[in-house]
Amino acid sequence: MELKLEDDSLHDDVLAQLEALPLAPERPLIVSDADEVIFAFVRSLEGFLLDNGHFLDLQSFALSGNIRDSTSGEPVSAELVKALIGAFFDQRTEQIEPVDGAADALAVLSKRAQILVLSNVPLDRRTARRRALVKHGMDYPLVANIGRKGGAMAYLMARQKAPVFFLDDIPHNIASVARVAAAVTRLHFIADHRLRDLLGAAEDADARIDDWPGVRRFIETRLSEQGY
Ligand SMILES: [Mg+2]
């Protein structure tokens, strides 16, 4: 699906998943992205590419342009990048390793807040991703989002009375949330050490934190300050 630069709308398939969530408006809500926040996406993708005749040459915070053919060394087309990522999710969603400290931090935070995973995993891989979350001690609800994340966060924010937090590695998702759900506290998080060095803090983030103990402390402090 091709998205406009500032398309913050909510897809019907996402709305249906959101409507099915048991939400408690009076309880704080932490909404976390999965890839590169809870799961070590890039590291796993790298292994998949090597197994399939390609390699990742991270020159920028992007996959397009940075996936190369192992034989020629040339970057592959945007179509092939898309196909490789699709194949990766088809074959390896359940095998992606978690990011250090994610499960522990979320377990502590879940005593004070609701946890929701909002991931742009393909809809048909949602069950596999849920299994991976459970396997790694993160049995939290999962919504498979489509497109930018502002629409989903606006939906949630409109129903919450207690503070809402949002974590993502991709600046355009953080910008989208800032546009349509500005009251959400936005954390910019990039797990992979190489990727994090390629990108500064997202302009629309309230904080840039790249480790889970740091996220836990930040959210705990904010919750205490607000009497939660
Ligand atoms: Mg991500």
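Start with helix α3 and select Val81, Leu84, Ile85, Phe88 and Phe89: these are the buried residues of α3 in this predicted model. Look down the helix axis. The five lie on the same side of α3, because the arc they cover around the axis is only 135°. Now turn to the other side of α3, where Glu79 and Lys82 are exposed.

What lies over the buried residues of α3? The cover includes helix α2, strand β2 (54-56), strand β3 (67-69) and helix α5. Show these elements together with α3 to see how they are placed.

Next, go to helix α2, residues 41-51, and select serine 44. Is serine 44 buried or exposed? Its relative accessible area is 17%, and buried means under 20%, so serine 44 counts as buried. Display its side chain and the backbone of alanine 40: a polar atom of the serine 44 side chain lies 3.1 Å from the backbone oxygen of alanine 40. Then show what serine 44 touches beyond its neighbours within four places in sequence: Phe88, Ile96 and Glu97. Phe88 was on the list of buried residues of α3.

Now move to helix α1, residues 12-19, and select its buried residues, Val14, Gln17 and Leu18. They sit on the same side of α1, because they cover an arc of only 100° around its axis. The face turned away from this buried side carries the exposed residues Asp12 and Glu19. Among the elements that cover the buried residues of α1 are helix α5 (126-135), strand β5 (142-144) and helix α6 (150-159).

The last stop is the magnesium ion. Which residues of the protein are its donors? Select Asp33, Asp35 and Asp169. Asp33 and Asp169 each donate through OD, while Asp35 donates through O. Along the sequence, the donor residues follow the spacing D-x1-D-x133-D.

Finally, colour two of these residues by accessibility. Aspartate 33 has a relative accessible area of 6%, so it is buried. Aspartate 35 is buried as well, with a relative accessible area of 12%.

Key: Residues numbered from 1 in each chain as written. Predicted model: local features only at pLDDT ≥ 70, side-chain atom pairs only at ≥ 80, totals over all residues. Heavy atoms only, no water. Donors = N, O, S within 2.8 Å, 3.2 Å for Na, K, Ca; no water. Buried < 20%, exposed > 50% of the residue type's maximum accessible area, 1.4 Å probe, protein only. Helix = DSSP H or I, 4+ residues; strand = E, 2+ residues; numbered from the N terminus. Arc of directions from axis to C-beta. Contact = heavy atoms within 4.5 Å. Polar contact = N/O pair within 3.5 Å; in protein donor to acceptor, adjacent residues only side chain to side chain.
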